[in-house]
Amino acid sequence: GLLLNGTRQLQFNDSSQYINAPSAAILDINATDEIELNATAVDLNGTLDVSGTSTFSDTVTITKAAHTELRVDSSSGGANIDVDKSAADQNATVTFQTGGSDNWSIGTRDSDDWGDGTSLMMGTGSSAANTKFALNTSGVLTLGTVTADAFYGATSKLQVEAVDGTGSISAFRDSNDANGAALYLGSSRGTAVNSDTIVQDDDHLGSIYWIAADGTDRTSVTAAIESYIDGTPGANDTPGRLLFRTTADGAQTPTTRMTILADGNIGIGTYAPSFTNGGGLELRGSGIQTVRLRGQSGTICEWWAQTNGVYINAENPSAGRNLYLQTNSTTALDIDSSQNVSLKATGKLYLDGGSNTYLYESAGDQMVFVTGGTTAGYFTSSQNFVTAADVMIAATKKLYLDGGGNTYIYEASADLIKMY
């Protein structure tokens, strides 16, 4: 029955279901289980306060000529909006529109269509092509695609993909100082997020990999730059080495080509360059290792090592092939393309590794011989040899006069000189 009692309540069935006006500005509707409003439209020109759970079986539209607001507020505890669906093959989204047309939507997409039913997606339309990002339940965020992929065997937490130049990541800094943008890679020995457990020698700190799709997957690497700890680390003491790696033809994983150690030594073709004296650059390999310098007009200078020695080669196809050795910016030695060797004027050629025995050119095109620090003799410009001391030739030894082996003088026996 219907009862209008003395407490200003319009009561239905029992005291738990009623409509009343506790004050001049408030109208309460109370029910034990639920209240159903079955109408084409329900207009509320004001604020609707819901103190419990409200279930709507169709569309709820909030319309106002000025600012429109949906607020979920709680004086204590949490305040939630739950968008629920009955199964993974259904959508659960919040859509933002302008004039009835969709601008943005955020939520989970139908697993029977292009979503997976669980990933949180945001886009400008109801298709995979219009999805701007997707965040799956593993915490992987993809931009420009709804599918997370594995690269070199690892699925990274952030992935960017596109069909044009937007498939990239950039960092740009604007500040009135000398600083620029940065990319930070790092590692710790900790087992929890935000751990600062110290690393150890040879620990891998980070890498930059270049990945190539090979028609099968995305696990092939063409090149890499990697950083490792290079020594025993400590507080504010973290020595490191840098590796540059490229992949050879017929392979899919890179090989170390160049290493820079913590002490600044550089190795090409070796992981651990070592030096007899000091440090620097080492080239090592199974075959001939060559250093080539190419200058203007095709001038080339090469150094290489073989099992039988070290070689230096100079080439200049347009102006001969001279090799010059300089000290203090002055040529001290010149080897031309005919293998003629020239010393600078007044330069000395030491024969004993010290300073007592040497040859040099004096004034008037004279070739002077010095032994023991004393001039022994000299050749004049007329090829005459003038001795400043006795000339001795060991017994049975020959004095060749033609630079070859046909004209010479030697002592055949005691006090017997023969000339040929």
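Trainee: Which side chains does a polar contact of 2.4 Å join?
Mentor: Those of Ser 207 and His 204. Keep in mind that this is a predicted model.

Trainee: And the polar contact of 3.3 Å, which side chains are in that one?
Mentor: Ser 207 again, this time with Tyr 209.

Trainee: Where does Ser 207 lie?
Mentor: In strand β11, which covers residues 204–212.

Trainee: Is Ser 207 buried or exposed?
Mentor: Buried. Its relative accessible area is 18%, and the cut-off for buried is under 20%.

Trainee: Leaving aside neighbours within four places in sequence, what is Ser 207 in contact with?
Mentor: Leu 185, Ile 225 and Glu 226.

Trainee: Switching to pockets. What volume does the second largest pocket have?
Mentor: About 1100 Å³. Its lining has 25 residues.

Trainee: Which of them lie nearest its centre?
Mentor: Ser 156, Leu 158, Ile 169, Tyr 209 and Ile 211.

Trainee: How many of the lining residues are nonpolar, polar and charged?
Mentor: 16 nonpolar, 8 polar and 1 charged.

Trainee: Another serine now. Where is Ser 105 found?
Mentor: In strand β6, residues 101–108.

Trainee: Why does Ser 105 count as buried?
Mentor: Because its relative accessibility is 9%, and buried means under 20%.

Trainee: What is Ser 105 in contact with, neighbours within four places in sequence left aside?
Mentor: Val 94, Thr 95, Met 121, Met 122, Gly 123 and Gly 125.

Trainee: Take Met 122. How many residues apart are Ser 105 and Met 122 in sequence, and how many Å in space?
Mentor: They are 17 residues apart in sequence. C-alpha to C-alpha, the distance is 5.7 Å.

Trainee: Which sense does β29 take with β30, and over how many bridges?
Mentor: They pair in the antiparallel sense, over 4 bridges. β30 spans residues 416–419. Ile 409 stands opposite Met 419 in β30.

Trainee: What do β29 and β30 form?
Mentor: A hairpin, with 2 residues between the strands. In the turn, Asp 415 has a positive phi of about 60°.

Trainee: Zooming out. How many helices and strands does the protein have?
Mentor: 0 helices and 30 strands.

Trainee: What percentage of the protein is buried residues?
Mentor: 16% of the 420 residues. Ser 207 is buried, and so is Ser 105.

Trainee: Last one. Among contacts between residues at least 6 apart in sequence, what share joins residues at least 24 apart?
Mentor: 9%.

Key:
Residues numbered from 1 in each chain as written. Predicted model: local features only at pLDDT ≥ 70, side-chain atom pairs only at ≥ 80, totals over all residues. Heavy atoms only, no water. Buried < 20%, exposed > 50% of the residue type's maximum accessible area, 1.4 Å probe, protein only. Polar contact = N/O pair within 3.5 Å; in protein donor to acceptor, adjacent residues only side chain to side chain. Contact = heavy atoms within 4.5 Å. Pairing = 2+ DSSP bridges. 1 Å grid on protein atoms, 1.4 Å probe; cavity = no way out; pocket = protein on both sides within 12 Å on 5 of 7 lines; lining within 4 Å. Points joined across faces, edges and corners; volume = space filled by probe spheres on them. Nonpolar A, V, L, I, M, F, W, Y, C, P; charged D, E, K, R; others polar.
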